[in-house]
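The sequence and structure come first.

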Amino acid sequence: MLPVINTEAQPVDLLIVGAGFGGLYMLHRARQQGLSALVIDAAGGVGGTWYHNRYPGARVDIQSLEYSFGFDEALQQDWHWTERYAGQPELLRYANHVADRFGLRSGILLDTRLTGAHFDEATQGWMAFTADGRRWQARFLVMATGPLSTPNQPDFPGLSDFKGQVLHTAAWPHQPVDLAGLRVGVIGTGSSGVQTITTLAGEVAQLTVFQRTASYAVPAHNGPLDAALEAQVKADYPGFRERNRRMMGGFGSMLPPNRASALSVTPEERQAIFEERWQIGGFGLLGSFSDLIVNPVANEMAAEFVRGKIRSIVHDPATAAALCPSHPIGCKRLCVDTGYYASFNRPNVRLVDLQAAPIEGFTATGLVTGGEAHTLDALVLATGFDAMTGTLLRLDLRGRGGLRLQDKWEAGPINYLGLTVAGFPNLFNISGPGATAAFTNVIVAIEHQVQWIADTVSDLAARGVRTIEATPEAEADWVAHVNAVAARTIYLNCNSWYLGANIPGKPRMFMPLFGFPAYVARCAEVVQQGYAGFVLG
Ligand code: N01
């Protein structure tokens, strides 16, 4: 039986929503600083993303030596990853290990769904409500709900007519799902789809992939973790973490240094450098030249390199052509794969190009595209997430004067520093819009934001300050800054979830900030300037 830590009479300093990596570390850090804190999560276990995303082949796309907590030397020395890129079960074990190792479970209430939270002028704090009818009072509300936590369930007319099994990658059942020997369809070819397709291709009788937009995928070259590399990193893990924190995305310090411009070398040199990165594997391809994400000409060279790989891997020219993306590479998040394109050489795998043959409807036994009926036993929706805002906007969050977040964000998720929202005092958002999480090794991004929040809360308490609230002016400047950074890149040139473009009717606003080190510097500067852009009450 968990102790009920909080009552209306005994407010906690921090009510943290979400028991993923953000919520776990927020709880630990708050306790280390002598703050009282409680985590609530609707899920039945800790781990957030890695609790819910149990689809076949779910695996991290940043090397595990990097995608792991660096705040505790003993933790990073003791933990051993078995693979270069850990799979979902191992990542979930890691989250549980962190919860146990730091004694966090006594501060976590699972199966407890937040329905809303209102800022209370009388107490200058938050009153939160959970689905079980309980109320929770807190000085600060920390939303660690994750940027990719509300699955996107497109409104496919007639889907309910289909009598086979329908699964969503982001809400995969906890019981084993046996698709062996079945005819399976997958809609969606982003990171989740690419991993699901690659894994199912070798298991099911027939796999039909319904692709609306082709994806760029680079090889992970996954395998058992190299013991020599592990020893080398562990010999100076703090130094390794520090070098990664200075990288644009908070990872990748092991890669060869970037070259300045893809246009400054001969075609042969360029090809050799792309090839070197392809052989190393992972996101590093995009960092081979510093101008790939800012110069469309340089970007097209990298894009064409990958298209060349697709054409060399996929035997059927028509399938290869349909698998070649036309948008700039990196504009939608790059996929890191373990044999995705080669899956289409298997006789049991077929690609259906929804651009040429759109979905026309569903029947009891499958779906129809471009006049052709596809008979299926099961359908997997790998259709992604209502990213960054979906979870927050499904809650009844109300700031000063009853201001609803839905109204505040009607035209898009305006915010300050990716951490706060004007009109919502003492509310902090981890990995939210306006922050760098989407472009960063998310654990590195989480560690930075958690430390900033905990330090700020402690600092305000020491100063006798009760509330911190962004000003509308600071918020407007910040949103303009995030968009100005994006405008210098190729990120506005496709329909990505970064822009909210994957959800019909969602306001189109570029949400994540690119450039982790500059973001860290700005957050520190704000504090040094006496919390510039905030009103302290
Ligand atoms: O979602 P996505 P995801 N009809 O939005 C298609 C992280 N992640 O879950 O591109 C037909 O990328 C949609 O088509 P289109 C990572 O940050 C990480 O795959 O909109 N198709 C697209 O192909 C990633 O970026 C890992 O035209 C429809 C797909 O569904 C983020 O999560 C693993 C459709 C959705 O792709 C999201 O990835 C998994 C419709 N109505 C996820 N609606 C790793 O660490 C959508 N689609 C490896």
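## Surroundings of the ligand

In this predicted model, 25 residues surround the ligand, and the closest are Ser192, Arg212, Thr213, Lys332 and Trp497. A residue is near a molecule if one of its heavy atoms lies within 4 Å of it. By class, the shell has 10 nonpolar, 10 polar and five charged residues. Ala, Val, Leu, Ile, Met, Phe, Trp, Tyr, Cys and Pro count as nonpolar, Asp, Glu, Lys and Arg as charged, and the others, Gly among them, as polar. Helix H5 (residues 191–200) gives the most to the shell, with three residues. Helices (H or I, at least four residues) and strands (E, at least two) are DSSP runs, numbered from the N terminus.

Residues are numbered from 1 along each chain as its sequence is written, and side-chain values use heavy atoms, with hydrogens and water left out. Because the model is predicted, local features need pLDDT of at least 70 and side-chain atom pairs count only at pLDDT 80 or more, while totals for chains, interfaces and linings use all residues.

## The chain as a whole

The chain has 16 helices and 20 strands. Its radius of gyration is 23 Å, close to the 24 Å that the globule rule gives for 537 residues, so the chain is as compact as a globular protein of that length. The radius is taken over C-alpha atoms, and the rule is 2.2 Å times the number of residues to the power 0.38. Along its principal axes the C-alpha trace spans about 70 × 55 × 45 Å.

## A parallel sheet of five strands

An open sheet with parallel pairing runs in the order S7-S16-S8-S9-S12; two strands pair if DSSP finds at least two bridges between them. Strand S7 (165–168) and strand S12 (349–353) are the edges, each pairing on one side only.

Within this sheet, strand S8 (residues 183–187) is joined to strand S16 (residues 378–381) by four bridges. Val186 stands opposite Val380 in S16.

## An antiparallel sheet of three strands

Another open sheet has the order S13-S14-S15 and antiparallel pairing. Strand S13 (359–363) and strand S15 (372–375) each have a single partner strand, so one side of each is left without a neighbour in the sheet.

S13 pairs with strand S14 (residues 366–369) over four bridges, and Ile359 has Thr369 in S14 as its bridge partner.
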